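Have the viewer open while you read.

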Amino acid sequence: MLTFKNFNIADWFSFYRVVAAPFLVLLLWLDERQLFAWFLLISYITDAVDGYLARRLKITSPRGSQLDSFGDQITLIVGLIGLFYFETDFIKSNLVLVLIAFTPYVVQMIMAYLKYGKATAFHTYLAKLSAIMQSVFILWALFFSPEYALFYIMIGIGLLETFEEIMLILMYDNWASDVKGVYWAFKDKRRLKKEDKKRNTL
């Protein structure tokens, strides 16, 4: 997946998040909280930019969607590690709620790899909203301090988004990208064609 051949401008913005992850880890190791927060902000901004460019320039592709999702996942993981490192007391005091929110995400990832051999890239509306809330909470916590209102909203939307991803995995026999949500999946021709073939074989 991570080959440079035929990378378009949106792909390069996605790829930035991948190569920036080790640098962010280095900043953690150096205990540079402010620099970590600023460079994490840049990574989040590239997430918004690559999607906008892909749609604006009509250069969306399954490869780009997969690269975008991989960049999102690794940035989220590094961001959570940074939050745990710099706000250890907050994480420990809310560990049960964090585990409740994180466990379905792990289940969803396992389901995706078992079924498709790779992570999902549905890019639903809920996924985008969840990513925004995650970035807002993490950045607010790093620049200032954890805000419980943002934390609870992030957890709630994250759970809804994860359960929707699980439903979509169950609905799609083959890997598919850019599905807006369950409602749109019911009308998705990619899924309907597979269902029609199944009916014809019965």
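1. D188 counts as buried, at 12% relative accessibility (buried is under 20% relative accessible area, exposed is over 50%, and partly exposed is in between, with a 1.4 Å probe and protein chains only). Its salt-bridge partner is R190, with 2.8 Å from N to O; a salt bridge here is a side-chain nitrogen of Lys or Arg within 4 Å of a carboxyl oxygen of Asp or Glu. R190 itself counts as partly exposed, at 38%.

2. Before going on, the ground rules: this is a predicted model, where local features need pLDDT of at least 70 and side-chain atom pairs count only at pLDDT 80 or more, while totals for chains, interfaces and linings use all residues. Residues are numbered from 1 along each chain as its sequence is written, and side-chain values use heavy atoms, leaving out hydrogens and water.

3. How many salt bridges does a search of the whole structure find? Five. One of them joins D68 to R17, with the closest N and O atoms 2.5 Å apart. D68 lies in helix α3 (residues 62-86) and R17 in helix α1 (residues 9-29), so this pair ties together parts that are 51 residues apart in sequence. Helices are DSSP runs (H or I, at least four residues), numbered from the N terminus.

4. R17 also meets D72 in a salt bridge, at 2.9 Å from N to O. Because R17 is in helix α1 and D72 in helix α3, that pair ties together parts 55 residues apart in sequence. R17 is buried, with a relative accessible area of 1%, whereas D72 is partly exposed at 24%. Zooming out, R17, D47, D68 and D72 are linked in a network of salt bridges.

5. Which residues gather in a patch of positive charge on the surface? They are R55, K128, K180 and K187. Patch members have over 30% relative accessible area and no salt bridge, and like charges are joined within 9 Å. Charges are placed at NZ of Lys and CZ of Arg.

6. Helix α6 has 19 residues and reaches 27 Å from its first C-alpha to its last, close to the 27 Å expected at 1.5 Å a residue (the expected span being 1.5 Å times one less than the number of residues). Buried residues in α6 include A127, S130, M133, F137 and L142.

How values were computed:
Helix = DSSP H or I, 4+ residues; strand = E, 2+ residues; numbered from the N terminus. Patch = residues over 30% accessible without salt bridge, like charges linked within 9 Å, V, L, I, M, F, W, Y side chains within 5 Å. Areas by Shrake-Rupley, 256 points an atom, 1.4 Å probe, with all protein chains shown as cover. Lys, Arg positive; Asp, Glu negative; His and termini not counted.
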